[in-house]
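Take the stops in any order you like.

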Amino acid sequence: MAITSANQLELLQTAEAVAREKMIDPVLVIEAMEESLARAAKSRYGAEMDIRVSIDRKTGRATFTRVRTVVENELLENYQAEFTVEQAKQYMEDPEVGQQLIEEVPPVEMGRIAAQSAKQVILQKVREAERDRQFEEFKDRAGTIINALVKREEYGNVIVDVGAGEAILRRNEKIGRESYRPNDRIRCYIKDVRREQRGPQIFLSRTAPEFMAELFKMEVPEIYDGIIEIKAVARDPGSRAKIAVISYDGSIDPVGACVGMRGSRVQAVVNELQGEKIDIIPWNEDQPTFLVNALQPAEVSKVVLDEEAGKIEVVVPEEQLSLAIGRRGQNVRLASQLTGLDIDIMTEADESARRQAEFEQRTKLFMDNLDLDEFFAQLLVSEGFTNLEEVAYVEVDELLVIDGVDEGTAAELQARARDVLEAAAKAALESARALGAEDSLIDFDGLTPQMIEALAKDDVKTLEDFATCADWELAGGWTTVDGERHKDDGVLEPFEVSLEEAQHLVMTARIMLGWVDPTELEADEEEQEDADLTKETEA
């Protein structure tokens, strides 16, 4: 068809209709038309030419122009779209490199193939515009709940209609063995929105802990208003869940508000989650107290927290053990997820047996090293002494409180303990030297001979080797992989070196070697202190 004979306003009307149908900007459709016409013109005049088309936004008139750019002689590659300064002089006065010559050319007649190509360009541009609009619409809705209409199921994944496109609910994001039929309505949590080559991908979930939190926000006005906050959620989708809540208004019970009148609010969430049982737990800043709440309905006798290791020991009565652990470990697993702590559950009998074993081990330590009889060694353990260092370097008065210990006996005990420790230190130092430990490491203040021996066994033999160590390599730490915490053993962990102590030792070594400027370090510390103080003030 010939552009000249076409109704020029028809272009604008078509653009408006397509834009309205696809809910995109009409300008994008017109730009697509301009590109398609330019492509058709290039097939007529030559692909090497720089042909451009401009459609008047009011009249619909299409103007075809040829553009040629002035370039330097040695850069001339495409004589159809470029020309040199000398060549340009016959068309332009005083031409300069970079200037363009724009000439209008006759409109082309579009044959069947050119028209088909133009149509493909327009459709492609419209699809891209649709995808951009869909991404812009949903990128800010990640983290919210959406009502969707099931379209079909593919290999266990559910494809749903979200109004402006499709989204996917993967098989592992469904609760239990949920199955859906076309046109079923479902509520899902928008977990992620990603821009991909084939268009925006919207990933939904019904198993995410955040889905439950958002459902409660919809059912409980106090949560929506910020009076009650959901601090943590742990789920075993379709089976059981625990949710921790706190109220910022002393007159409102957070648990009662979430349960609702006769359980109406929590029941609405349970129904949406296929009957998932939900334990609503009051949040507490004190971790042991919070853990006791999290292990409900089991009763806890005692809690021992190791904050550095992120580990906690829970002692329960024998009859409460199975309840505390739960079916297939469900209760303790959810409590662990909720608190972020590794939980060891033991009965009162187990704890008693462990304490007895520790008592016997320490008793034997004192009997073997201090040449004491069993009764005297047990007295030391009963008074709280756990190792030889405590006996050797404690104030004499603390030994005198033990029945039957006078000043002479106390002095003898300390002398024996020091002799054993000195002999052990000497042996450790000799072993470290034999392993290749150098004086730079041996003379470093802060490391005992036993520590130096352990480092040498781990191939850390010089102060330079020590300075390259990471703090967690020395003190140990925890790594989270796929949601599970794994213990990383530290070289100096058996000597109870904390992460902060390890950081200090390594930084001291680096300063001694000249790797770190202490003045810069002090400035950084002051900066951090100021930042912490500012945060506290704002809080």
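K174 sits in the loop between β7 (166-169) and β8 (185-196); helices (H or I, at least four residues) and strands (E, at least two) are DSSP runs, numbered from the N terminus. This is a predicted model, in which local features need pLDDT of at least 70 and side-chain atom pairs count only at pLDDT 80 or more, while totals for chains, interfaces and linings use all residues. Residues are numbered from 1 along each chain as its sequence is written, and side-chain values use heavy atoms, leaving out hydrogens and water.

**The loop lysine**
- K174 is buried, with a relative accessible area of 9%; buried means under 20%, exposed over 50% and partly exposed in between, using a 1.4 Å probe and protein chains only.
- The side chains of K174 and E153 are joined by a polar contact of 3.3 Å (a pair of N or O atoms within 3.5 Å; within protein, one must be able to donate a hydrogen and the other to accept it, and residues adjacent in sequence count only if both atoms are side-chain atoms).
- Leaving aside residues up to four places away in sequence, K174 touches E153, G156, V158, L169, Y180 and T207, where contact means heavy atoms within 4.5 Å.

**A strand valine**
- V314 belongs to strand β14 (residues 311-316) and is buried, at a relative accessible area of 0%.
- Eleven residues separate V314 from V303 along the chain, yet their C-alpha atoms are 4.7 Å apart.
- Beyond residues up to four places away in sequence, V314 touches L291, L295, V300, K302, I343, D344, I345 and M346.

**One side of α8**
- Helix α8 (residues 264-272) has V266, V269, V270 and E272 buried.
- These residues lie on the same side of α8 because they cover an arc of only 165 degrees around the axis, taken from the directions from the helix axis to the C-beta atoms.
- The buried residues of α8 pack against β8, α5 (209-219), α7 (254-259) and β12 (277-282).
- After α8 comes Q274, with a positive phi near 60 degrees.

**The largest pocket**
- Lining the largest pocket are 16 residues, with N387, E389, P494, F495 and E496 nearest its centre. On a 1 Å grid over the protein atoms alone, a pocket is an open set of points where a 1.4 Å probe fits, with protein on both sides within 12 Å along at least five of seven lines; lining residues have an atom within 4 Å of a point.
- α12 (348-370), α14 (388-393), α16 (407-434) and α18 (449-457) each supply at least two residues of the lining.
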